[in-house]
Amino acid sequence: MRITIVGAGIGGLATATSLHAAGFEDVTVFEAAARPRPPGFGLNVLPNAVRELAELGLLDALRHHAVQTRELVLCTPAGRLVWREDRGLSAGYRWPQLSVSHARLHAVLEAEVRHRLGDRALVTGARFTGLDDGPGGTRAVFADEGGGTRGVETDVLVGADGIHSAVRASFYPDEGPPPGNGVTMHRGTVWAPGFLTGASMTVLGDDRRRLVLYPIDRDETTGRCLVNWVAAFPDASPGGRSAADVDGLRRRLLGEFGDWSPPEVDLARLFADTERIHRYPMTDRDPLPRWTFGRATLLGDAAHAMYPAGSNGATQAVVDARVLARHLATCSDPGDALRAYEADRLPQMTELQRSNRSMGPEKVLTLAHQRAPGGFERIEDVFGAEELAEISRGYAATGKFDQDWVNSRPTLSVGPRRRPAVRREKESAE
């Protein structure tokens, strides 16, 4: 079986690795960029996805430059505690929650793909331009930087090419660009003193703004941490200031967040010491009625891009990859396998996308501000005894990363089938 993946991001590389682990050897990943440059800012990988990475043999490589998150702390802008919960190993999971650089996770996955499948399994500078999925088979067309094109015949095509997916656009040509919600996100990473446990993820917010801070690496010699921060607020003119205008961005951030008090963090110093600030609108995608067409399907952000709440972007892409590989390995017909994968994942991801539009578990910050806009002395005066815990439990169950499920569910691993690869060399220059 020949499998073609479009997109060499987290989802595409996790899919290639998962497929090889399931016994597939004829797997090729096509990437539009000639030199992929994954962003250096941080992301969180929840225990359900860390379990999958561990079963692929990647946990030790990731832990070397990552932080095992111990707790999530949600606060008001004044730093008053709204909700705190243990995370990862501290919460009783058998696998940690990892806060890690996007670039680090990407590098580990890319190295694993090259080790398992060889350098030729990654083709860069190849932009997906079309798909012919007819009775004669599935054929993908790619354009190179010089303007040439080539057709690639394949048994399965996986669109893992992100929120601006060209594969998705071929299925839904009238969809248009991803919609925004009017919020602009500012992101940066900077070496700074550790705060709280040294492995805490802290989120502050009111009914319109969010500030997120967590370490993604640690210098054991100095005790300093590489802190990833995200500051999000409504911006009526998101194109009015370029990311290169760092001084202007700092002034705007201080105007929005200068009087906020994240616990044990000098926010003004954090912004001042950040050399590069990335700036972009918060967008997602509307849920789709289907991902699979014939022998082609979608995965990760191409299938279910969602607002960045609850740490589910990279997490769910990794889980997608493992579920897809398992179905392809255990179904005799590729089309049936893709439909089974969609039946497993689409309903759950649709619910999660909708939950993230109300900011997932972070919605407690909005509720706290709405119920007590002038602040509060006791959180018990704002929320019922079990209300906060139920919001957290409900969101975890929606994303299937609650402790009981992650620790006890059957493995997604399948034994390699060891069938010989049959590469059909039917690529044509056009």
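I began at helix 11 (residues 363–371), whose buried residues I listed as Val364, Leu365, Thr366 and Ala368. In these notes buried is under 20% relative accessible area, exposed is over 50%, and partly exposed lies in between (1.4 Å probe, protein chains only). Helices (H or I, at least four residues) and strands (E, at least two) are DSSP runs that I number from the N terminus.

I noted that this is a predicted model, in which local features need pLDDT of at least 70 and side-chain atom pairs count only at pLDDT 80 or more, while totals for chains, interfaces and linings use all residues. Residues are numbered from 1 along each chain as its sequence is written, and side-chain values use heavy atoms, with hydrogens and water left out.

**Around helix 11**

I looked up what the buried residues of helix 11 pack against, and found strand 5 (71–75), strand 6 (81–86), strand 14 (200–205), strand 15 (210–218) and helix 12 (387–398); contact here means heavy atoms within 4.5 Å.

I then turned to strand 5, where five of the five residues are buried, so strand 5 is largely enclosed by the rest of the structure. Glu71, Val73 and Cys75 point one way from strand 5, whereas Leu72 and Leu74 point the other way.

I traced an open sheet of seven strands in the order 6-5-14-15-16-13-17, with mixed pairing; two strands pair if DSSP finds at least two bridges between them. Its edge strands are strand 6 and strand 17 (278–283), each of which pairs on one side only. From one strand to the next the twist averages 20 degrees.

I followed strand 5 to its two partners. It runs antiparallel to strand 6, with five bridges joining them, and Leu72 stands opposite Glu85 in strand 6. Strand 5 and strand 6 form a hairpin with five residues between them, and Gly79 in the turn has a positive phi of about 90 degrees. Strand 5 runs parallel to strand 14, again through five bridges, and there Glu71 has Ser200 as its bridge partner.

At the other end of the order I found strand 13 (residues 180–193) joined to strand 17 by five bridges, the two running antiparallel, with Thr184 partnered by Pro281 in strand 17. Helix 6 (residues 246–257) lies across strand 13, strand 15, strand 16 (224–234) and strand 17, and runs at about 75 degrees to strand 16. Axes are lines fitted to C-alpha atoms, for helices over the stretch in contact, and angles run from 0 to 180 degrees between N-to-C directions.

Strand 1 (residues 3–6) and strand 2 (residues 27–30) run parallel and are joined by four bridges, with Val27 the partner of Ile3.

**Nonpolar cores**

I looked for nonpolar cores, meaning sets of buried Ala, Val, Leu, Ile, Met, Phe, Trp, Tyr and Cys residues joined through side-chain atoms within 4.5 Å. The largest has 78 residues, and those with the most contacts inside it are Leu105 and Leu328. Helix 9 (residues 313–330) gives the most to this core, with nine residues. Apart from it lies another core of 25 residues, among them Met185, Val364, Ile379 and Ile391.

**Salt bridges**

I counted 33 salt bridges, each a side-chain nitrogen of Lys or Arg within 4 Å of a carboxyl oxygen of Asp or Glu. In one of them the side chains of Glu112 and Arg116 meet at 2.8 Å, N to O. Both lie in helix 4 (residues 102–117), four residues apart, about one turn of the helix. An α-helix has 3.6 residues a turn, so residues three or four places apart point the same way. Glu112 is buried at 15% relative accessible area, whereas Arg116 is partly exposed at 23%.

I noted Arg209 and Asp206 meeting at 2.7 Å, N to O, both of them buried. A network of salt bridges links Asp206, Arg208, Arg209, Asp235, Arg252, Glu256 and Arg279. Last, I looked up Arg393 and Glu386, which meet in a salt bridge at 3.1 Å, N to O; Arg393 is partly exposed at 43%, and Glu386 is partly exposed at 48%.
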